[in-house]
Amino acid sequence: MKEKKETIPAWYVVHTRPKCEHIAASLMVGLEGVETYCPRIRFQRNTRRGKVWFVEALFPSYFFARFIPNDSMRAVKYSQSVIKVVDFGGNLTSVPDSAIAALKEEMKDVEICEVEIGVKVGDTVELTEGPMRGMKGIVNAMLTGVERVRILLEFLGRENAVEVPLSKILTEHKPRAVMAAKG
């Protein structure tokens, strides 16, 4: 029974070195009989140096590869940046085709899906510029105009309302959590 399973192409989870998922997946494209899928997300985050675009793997240090273990296991396992093909107790476990299809549908059939993090009333944020840099406050209101928000800051023993541009605050939202909340 095990012999038969390992002669049919199936999706497997491949563990890679950190931040090398897309590199390992793209290098495997050249292997005969191996198909890869490495879903990634692109998001913009306010940093201390301003707005910066980031691209990260949806599953850090992992991607999916479809292959026949009897034919391609060695090539996949020893590809550059690959740590191992994930198994459970020494048993190679495949990912159902339906799970990969659902993931591709969720990703809108693109390799890099753009995620908008956004800020809403009640979120805790940190100021990145100005004399109150580093202070944390709670978003009190979303203002119209040039993407501004009103933040309540505790300063000198009382709460003060401060209006700042969205580009001058850091949010605590994580892009993967935002994407999970959409689904």
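In this predicted model, T124 has I138 of strand 11 as its bridge partner. Strand 10 and strand 11 (residues 136–143) run antiparallel and are joined by three bridges.

An open sheet is formed by five strands, ordered 13-12-11-10-14, with antiparallel pairing. Strand 13 (158–165) and strand 14 (169–171) each have a single partner strand and stand at the edges, so one side of each lacks a neighbour in the sheet. From one strand to the next, the twist averages 45°. In general terms, the strands of a sheet pair through backbone hydrogen bonds, in either a parallel or an antiparallel manner.

| Strand | Residues |
|---|---|
| Strand 9 | 112–115 |
| Strand 10 | 124–127 |
| Strand 11 | 136–143 |
| Strand 13 | 158–165 |
| Strand 14 | 169–171 |

V121 lies in the loop that runs between strand 9 (112–115) and strand 10 (124–127). Which residues does V121 contact, leaving aside its neighbours within four places in sequence? The contacts are with V139, N140, A141 and M142. For M142, which is 21 residues from V121 along the chain, the C-alpha atoms of the two residues are separated by 6.8 Å.

A separate element is helix 2 (residues 21–28), whose buried residues are E21, A24, A25 and M28. Viewed down the axis of helix 2, these buried residues fall within an arc of 100°, and therefore they line one face of the helix.

How values were computed
Residues are numbered from 1 along each chain as its sequence is written. This is a predicted model: local features need pLDDT of at least 70, side-chain atom pairs count only at pLDDT 80 or more; totals for chains, interfaces and linings use all residues. Side-chain values use heavy atoms; hydrogens and water are left out. Helices (H or I, at least four residues) and strands (E, at least two) are DSSP runs, numbered from the N terminus. Contact means heavy atoms within 4.5 Å. Two strands pair if DSSP finds at least two bridges between them. Axes are lines fitted to C-alpha atoms, for helices over the stretch in contact, and angles run from 0 to 180 degrees between N-to-C directions. Buried means under 20% relative accessible area, exposed over 50%, partly exposed in between (1.4 Å probe, protein chains only). The arc is that of the directions from the helix axis to the C-beta atoms.
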